[in-house]
Amino acid sequence: MSYTITKIAELIGARRVGDCSATIDWLLTDSRSLCFPEETLFFALTTKRNNGARYIPDLYDRGVRNFVISEDTAAESQLASFNILFYKDANFLIVSNALKALQKLAEQHREQFQIPVIGITGSNGKTVVKEWLHQLLSPDKVVVRSPRSYNSQVGVPLSIWQMNAQSEIGVFEAGISEPEEMRSLQNIIRPTIGILTNIGGAHQENFFSLQEKCMEKLALFKDCDVVIYNGDDEFIGNCVSHAMLSAREIAWSRKDVERPLYISKVDKKEDCTVVSYRYLDMENSFTLPFIDDASIENSLNCLAACLYLLLPAKQITERMAKLEPVAMRLEVKEGKNGCLLINDSYNSDLASLDIALDFLYRRSLSKGLKRTLILSDILETGQNAPTLYRKVAQLVKNRGIERIVGVGPEITSCASRFSIDKAFYPDTEALMRAISRGELRLENEIILIKGARRFGFDVLTEELERKVHETILEVNLGAMIANLNHYRSMLKPETKMVCMVKAFAYGAGSYEIAKSLQDRHVDYLAVAVADEGSELRKAGITANIIIMNPEMTAFKTMFDYMLEPEVYSFHLLDALIKEAEKEGITNFPIHVKLDTGMHRLGFAPEDVPQLIERLKGQNAVIPRSVFSHFVGSDSQQFDAFSRQQITVFENASSLLQEAFPYKILRHLCNSAGIERFPGAQFDMVRLGIGLYGISPIDNSIINNVSTLKTTILQIRDVPGEDTVGYSRKGHLTRASRIAAIPIGYADGLNRHLGNGHAYCLVNGKQAVYVGNICMDVCMIDVTDIECKEGDSVEIFGDHLPITILSDALQTIPYEVLTSISTRVKRVYYQD
């Protein structure tokens with residue numbers, strides 16, 4: 001649902017600086033999540049540690065033209081690194097408080113919809129209930145819901161903004177950590193149906209009592225038509241009575257037969273649970289594919305909501321049986337050394353710990369494995385450490401845990417509370433060191449990994465091994481930037497650019513190249529697989545990243561690190577949509593690939609109408625761009641076919657664009673296409689081999705980026721009748737001086753270059769490879785070259801073009817560049 005910038009200024013009562021027309025579809029508070037700059041409104045939120053205004057210059061360079069800033073920020077900008085008056089083609093909406101303005105805009109947007117809206121709050125289970133309600137209701141209703149756990153003062157407004165004309169039911173979480181927070185969330189969500197999952201100790205430190213926190217949560221339901229909660233929980237029941245809500249109650253019960261929703265029987269099987277219930281005197285049952293108590297309680301809250309919404313009991317039964325686990329909740333994975341891992345690093349409090357321990361215990365019964373708990377400090381409970389960990393120790397004992405591994409200073413200080421096999425570490429790094437050194441052995445155990453996010457339990461870390469190697473690849477960042485500018489000079493001012501950094505940035509090293517490109521404000525980076533993208537994110541790269549060859553096993557990595565996949569088939573699209581819906585993802589950007597003649601990957605042009613129908617029937621993913629590949633843009637021989645591809649792409653991509661109201665970027669040109677087909681730039685181009693200094697048209701060097709060097713290890717005199725190297729392949733015709741250099745095929749030096757087929761440079765002179773190239777070493781003839789041990793050797797680079805090697809191998813420079821092993825140290829410089 002779109003708003004003009006003029007309308008938004010009116011709705012939030014802003015003073016406007018700038019008079020550019022704009023239509024807003026997207027709200028942004030995190031600059032790393034930018035996807036559609038042209039239709040984005042950025043709210044520069046101020047926190048204790050940061051001011052969103054610092055990201056305005058970068059966002060402006062990336063195409064954003066609409067900003068909301070506070071009065072204080074506007075005043076400070078006169079003295080800061082940016083001045084709003086300098087941005088002549090931008091709009092700044094100036095308000096007293098950017099967060100309050102975001103919330104007010106969401107409130108105004110919410111008023112446009114008269115549909116059932118479910119508001120969910122509680123200490124645990126909010127996300128599961130929300131996601132399961134989506135699974136139960138979405139087969140025949142258009143359900144809009146909070147993405148993941150967007151339940152905060154910022155997340156809730158962003159969630160509500162997703163509501164549009166097609167929405168039939170809303171499902172939103174609301175989370176609080178301090179008194180008086182729920183009032184603003186209630187004004188935004190305005191739920192008609194309220195669900196209180198449970199009340200536990202999470203975020204207790206800011207509340208005087210558990211009752212105060214419960215009453216604060218119940219404020220969400222002030223104007224609800226109905227409130228759903230566990231009627232057997234006496235504490236919650238008393239709080240609901242004190243809240244004096246006007247809403248009807250569905251307080252389901254497993255004890256009170258007089259309740260409207262009475263749970264008559266819960267029968268746990270080996271791998272499922274059968275729940276029998278009576279609602280308004282009608283008896284029914286369903287089978288839940290889970291056995292833990294938390295899942296059962298969550299399913300009962302969902303059941304009550306579905307019944308209130310008049311979902312037929314038969315459909316409830318069918319859909320309950322198909323419920324899927326929600327990501328980031330008790331993920332079970334195979335571990336090393338015969339271990340089974342249960343990852344529950346989503347939150348950390350006593351209630352969720354008990355739930356997870358129950359799950360662990362039940363899983364262990366059929367596995368015969370030792371029960372182990374790895375537990376971090378439990379944060380934000382409001383309890384002192386001795387009291388808290390006395391309770392933890394009792395839980396651990398009651399659930400039959402045989403070993404505990406504690407991480408953090410607080411739990412370590414209370415180690416004496418635990419009377420089982422135990423080990424304690426001050427932080428996660430110390431634990432990992434103990435595991436890598438063999439000081440802590442984990443074998444044939446079922447291990448619950450339970451901890452607060454700040455401890456990083458959900459991240460697999462690898463101990464780095466120092467790499468010492470005398471062969472280096474020098475990377476000239478200045479030359480790379482010159483190549484970037486060389487191709488930019490061929491573009492229209494409005495044309496965007498994708499830079500390829502896949503395959504370790506063509507061997508040059510992904511991070512340094514990506515960082516330099518990000519600093520030059522390229523619009524997108526592109527890598528082959530999700531692991532490449534996630535490594536860039538971990539290293540601090542925030543630019544948009546496209547995954548050119550997405551693997552179905554890597555969807556979660558793409559979601560977690562905001563990596564935008566290429567989508568080339570209905571099979572991949574359907575799998576991606578399913579996983580995104582399971583994760584609670586909405587409007588995740590994808591890049592649609594069309595097959596216009598390469599016949600490698602891509603949707604056929606005639607598939608576009610069906611593709612449009614599929615994309616419009618869901619809201620998990622959204623097309624950000626549509627593109628295709630030239631087959632032979634580097635050669636005049638294929639120009640007729642290239643022009644045919646342009647026409648096919650123009651027609652098919654236009655059809656896709658016409659089906660959607662927002663801008664979908666179109667791109668076809670690669671490095672050769674940029675130079676040879678300037679009329680086919682469309683909205684964006686992709687720069688690959690040209691960025692690294694090689695013209696794809698004639699293999700000439702533009703500005704050399706990479707130079708592969710090594711040193712002479714040893715020089716020896718070898719008689720003319722002898723041979724050099726394995727299998728006596730290096731036949732000498734004269735007495736020779738043979739130098740050994742520390743580079744081999746394991747470093748990326750192709751074996752086919754040996755036996756005189758190519759040469760390197762020693763002190764500017766050609767030195768031919770003698771004999772077979774070995775794994776780590778090769779030999780060169782330096783008979784006629786003045787040199788000594790320790791002298792530098794150039795394999796390719798500024799003085800020996802890489803094309804000399806690729807021609808000798810009858811291949812392309814790409815292959816030579818991307819074959820350079822990661823064990824070769826990269827040294828970066830800028831001339």
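Predicted model: local features only at pLDDT ≥ 70, side-chain atom pairs only at ≥ 80, totals over all residues.

**Entry 1: H22 and H23.** I started with helix H22 (residues 608–616) and helix H23 (residues 639–658), whose axes come within 10 Å and cross at roughly 25°. Angles under 35 degrees count as roughly parallel, so I log H22 and H23 as roughly parallel to each other. For the handedness, I noted that H22 passes H23 in a right-handed crossing.

Next I asked myself: which residues in H22 meet H23? On the H22 side I found Val-608, Pro-609, Ile-612 and Leu-615, and they meet Ala-652, Leu-655 and Leu-656 in H23. Sorted by class, this contact has seven nonpolar residues, with no polar and no charged ones.

**Entry 2: H4 and H7.** I then looked up helix H4 (residues 98–110) and helix H7 (residues 182–189). They pack at an angle of about 35°, and their axes are 7 Å apart. H4 brings Gln-103, Ala-106, Glu-107 and Arg-110 to the contact, where they meet Ser-184, Asn-187, Ile-188 and Ile-189 of H7. The class count for H4 with H7 came out as three nonpolar, three polar and two charged residues. I set that beside my H22 with H23 tally, which has no polar and no charged residues.

**Entry 3: the whole chain.** I zoomed out and counted 26 helices and 41 strands in the protein. How does the radius of gyration sit against the globule rule? I get 31 Å for the protein, close to the 28 Å that the rule gives for 831 residues, so I call it as compact as a globular protein of that length. Along the principal axes, the C-alpha trace spans about 105 × 70 × 55 Å.

Of the 831 residues, 55% count as buried. I also checked contacts with a separation of 6 or more: residues 24 or more positions apart account for 67% of them.

**Entry 4: Ala-165.** Last stop was a loop, the one between helix H6 (155–160) and strand E10 (169–173), where Ala-165 lies.

Conventions. Residues numbered from 1 in each chain as written. Heavy atoms only, no water. Axes fitted to C-alpha atoms, helices over the stretch in contact; angles between N-to-C directions. Helix = DSSP H or I, 4+ residues; strand = E, 2+ residues; numbered from the N terminus. Parallel < 35°, antiparallel > 145°, perpendicular 65-115°, else oblique. Left-handed = near helix turned anticlockwise from the far one by under 90°. Contact = heavy atoms within 4.5 Å. Nonpolar A, V, L, I, M, F, W, Y, C, P; charged D, E, K, R; others polar. Rg over C-alpha atoms; globule rule 2.2 N^0.38 Å. Buried < 20%, exposed > 50% of the residue type's maximum accessible area, 1.4 Å probe, protein only.
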